[in-house]
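Subject: Structure handover

Hello,

Here is the structure I promised to pass on. My notes on what was found in it follow below.

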Amino acid sequence: MKTDLDNPAGVAAPFGDRFAHVARVDMPGGGALLMLSGQVAVDDTGAIIAPGDAGAQAEQIFDLIAQLLAAHGTELHGVLHIRTFMTDLDDLPAYAKVRNRLFTATPPPASTTVEVGRLFLTGAVLEIEVTAAVPAP
């Protein structure tokens, strides 16, 4: 089994290159399992997009996640599990609206959502990490 840590080109590198965006485990017989680091709604310069706006931040975060998945040969439909950290569960309807539009399969991916006191960047109200599968060729 081969493992790899990656920061794909085309997606801004993590803050200070302190971690990898993607941990990949290649599976016997082809395919892979991807574990993505938590993503927050930042632009290419690392500035928060739409401070305090859960819906707009969810759009940006899932766009970043889609780019990371595409760099490893899969799409949002390959997501198996979503972990969401929110600074206020009252923002759940705005987040759910975006998520429900993007994940239409029945059942949707497994999920964990928790409220946290704060996130590491001021203005960030969501942090999302996913586990996804890359299909065998």
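This is a predicted model: local features need pLDDT of at least 70, side-chain atom pairs count only at pLDDT 80 or more; totals for chains, interfaces and linings use all residues.

Is Q39 buried or exposed? Its relative accessible area is 4%, and since buried means under 20%, Q39 counts as buried. Beyond its neighbours within four places in sequence, Q39 is in contact with H21, with I61, L64, I65 and L68, and with L126, E127 and I128. The side chains of Q39 and H21 are joined by a polar contact of 3.1 Å. Q39 and L126 are 87 residues apart in sequence, yet their C-alpha atoms are 8.3 Å apart in space.

On the sheet: six strands make up an open, mixed sheet, ordered β1-β2-β3-β6-β4-β5. The edges are β1 (2-6) and β5 (110-115); each has a single partner strand, so one side of each has no neighbour in the sheet. From one strand to the next the twist averages 10°. β4 and β6 run antiparallel and are joined by seven bridges. R83 has E129 in β6 as its bridge partner.

Helix α1 packs on this sheet, where it touches β2, β3, β4 and β6, and its direction makes about 30° with that of β6. α1 covers residues 54-70, which is 17 residues, and spans 24 Å from first C-alpha to last, close to the 24 Å expected. At its start, a side-chain oxygen of D53 comes to within 3.1 Å of the backbone nitrogen of G55. The buried residues of α1 include A54, G55, A58, I61, F62, L64, I65 and L68. Their cover includes β2 (22-26), β3 (32-36), β4 (79-86) and β6 (126-134), as well as α2 (92-102).

As for α2, this helix lies across β4, β5 and β6 and runs at about 160° to β4. The axes of α1 and α2 are 7 Å apart, and the two helices pack at an angle of about 35°. Their crossing is right-handed. Where do α1 and α2 meet? On the α1 side the residues are A54, G55, A58, E59 and F62; on the α2 side they are A94, Y95, V98, R99, R101 and L102.

Regards

Notes: Residues are numbered from 1 along each chain as its sequence is written. Side-chain values use heavy atoms; hydrogens and water are left out. Helices (H or I, at least four residues) and strands (E, at least two) are DSSP runs, numbered from the N terminus. The expected span of a helix is 1.5 Å times one less than its number of residues. Buried means under 20% relative accessible area, exposed over 50%, partly exposed in between (1.4 Å probe, protein chains only). Contact means heavy atoms within 4.5 Å. A polar contact is a pair of N or O atoms within 3.5 Å; within protein, one must be able to donate a hydrogen and the other to accept it, and residues adjacent in sequence count only if both atoms are side-chain atoms. Two strands pair if DSSP finds at least two bridges between them. Axes are lines fitted to C-alpha atoms, for helices over the stretch in contact, and angles run from 0 to 180 degrees between N-to-C directions. A crossing is left-handed if the near helix is turned anticlockwise from the far one by less than a right angle, and right-handed if clockwise.
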